[in-house]
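Please look over the sequence and the model below before reading on.

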Amino acid sequence: MVSANDLELALEQVRADAVGPIPGVFGPSSMTWRIDREAVIFLGAGRALLLQLAHPWVAAAIAEHSKTFADPIGRFHRTFDIVFAMVFGSLDRALLSSRQLHRRHSMIVGEMPETIGPFAAASRYCANDIPSLRWVHATLVETALMAHDLVLPPLSVEERERYWMESRAFGALFGLTGDDLPADWAGFAAYTAAMAQSDTLTVSPAAREIAAQIFGGARPWLRPPRWYRALTARMLPEQLRAGFGFDLGEREIRSAGNALTWIRRVYPKLPDRLRYVGPYQEAQARLRGEPQPDWMTRCLNRAWIGRPQMDVRGKG
């Protein structure tokens, strides 16, 4: 488990390696900013969620402790608020988000309601467990790059390696140390491939129910479009796709392919104000010394993180 002391030791290293107090952990020349600023990474949000749900501990924790069903938009905002604050926030804001996430996770403990895969009924789970954090971190890192490369020119081998080195710093914000994460991209790819083939990832009834609620549209106005569901299914490992009950027939393949063709044609031509997420634009304004983001950035922030400004929040 990552204790509060463990987290503080990891954050000491984050602070030492950070670009600076104003740019934050990564800064404008980083691969992390280059990738995570793209709104197109949302194409992978469904995949990342399903991969996380495929871990029985994560699914049990979400089923028992999350407001996903009652407040799906709120969960979306809270997730992106934390991730974007870590990536694009000032250094103090990134460290604050890290501590807030750890405190929230420290309250997420319980027992498995039934035996799922290698996890026995009544065995304890904890959201600050290192293997669980490592998997959640991996789903975010891998999926952001996958979504980026679906639409934009893929990263070179050197750029991919740089991206992974920065992702290790991102992992430190979860409390993960260098010993908890693979040393290079090849090791990371081997880890995700092994996880995809292991029985650690087992789609539980709770995971299937959550996925059905989100992708099946318990609220019709929130139902993802057919092409998005098809693209999400295409991005999943085959056994997990089957576990969640996602179809990937000719109709779904055609729907996802047509959507990608259109997105690849249109997306690169969008103006930066529409193409880049609000928190990135706020970070750029912060670097220019502007006291607060302009009205358009505040509107974009409301869409992405549920509030107008990322770097304004009480200390704690």
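## The enclosed cavity

The largest cavity holds about 40 Å³ of space, in what is a predicted model. A search of the whole structure finds 1 cavity of 30 Å³ or more. The residues that line the largest cavity are L7, S98, L101, H102, H105, N128, L133, L173 and F174, and helix 6, which runs through residues 91–106, gives the most to this lining, with 4 residues.

## The second largest pocket

The second largest pocket has a volume of about 280 Å³. Its lining is made up of 14 residues, among which R229, G245, F246, D247 and E252 lie nearest the centre of the pocket. Helix 10 (205–216), helix 11 (226–235) and helix 13 (250–266) are the elements that give two or more residues to the lining of this pocket, and the largest share, 5 residues, comes from helix 10.

In soluble globular proteins, nonpolar side chains tend to be buried together. In this model the largest nonpolar core has 71 residues, and the members that touch the most other members are L53, F88, Y163, F170 and F244. Helix 5, made up of residues 72–88, gives the most to this core, with 8 residues. A second, separate core has 13 residues, including L43, L150, M235 and Y267.

The surroundings of Y163 can be listed in detail: when residues up to four places away in sequence are not counted, Y163 touches M31, I35, V141, A144, L145, L155 and W185.

Helix 9 spans residues 185–197, and its 13 residues reach 19 Å from the first C-alpha to the last, close to the 18 Å expected at 1.5 Å a residue. Its buried residues are W185, F188, Y191, T192, M195 and A196. An α-helix has 3.6 residues a turn, so residues three or four places apart point the same way.

The buried residues of helix 9 pack against helix 7 (130–151), helix 8 (157–172) and helix 12 (238–244). On the other side of helix 9, by contrast, A186 and Q197 are exposed.

## Helix 15 and G278

Helix 15, residues 278–287, is mostly covered, in that 8 of its 10 residues are buried. The buried residues are G278, P279, Y280, Q281, E282, A283, A285 and R286. Just after helix 15, G289 takes a positive phi of about 85 degrees.

G278, which lies in helix 15, has a relative accessible area of 0%, and G278 therefore counts as buried, the cut-off being under 20%. Not counting residues up to four places away in sequence, G278 touches T297, L300, N301 and W304. The C-alpha atoms of G278 and A39 are separated by 9.1 Å, although these two residues are 239 residues apart along the chain.

Notes: Residues are numbered from 1 along each chain as its sequence is written. This is a predicted model: local features need pLDDT of at least 70, side-chain atom pairs count only at pLDDT 80 or more; totals for chains, interfaces and linings use all residues. Side-chain values use heavy atoms; hydrogens and water are left out. The expected span of a helix is 1.5 Å times one less than its number of residues. Buried means under 20% relative accessible area, exposed over 50%, partly exposed in between (1.4 Å probe, protein chains only). Contact means heavy atoms within 4.5 Å. A nonpolar core is a set of buried Ala, Val, Leu, Ile, Met, Phe, Trp, Tyr and Cys residues joined through side-chain atoms within 4.5 Å. On a 1 Å grid over the protein atoms alone, a cavity is a set of points where a 1.4 Å probe fits but cannot get out, and a pocket is an open set with protein on both sides within 12 Å along at least five of seven lines; lining residues have an atom within 4 Å of a point. Grid points are joined across faces, edges and corners, and a volume is the space filled by probe spheres set on the points.
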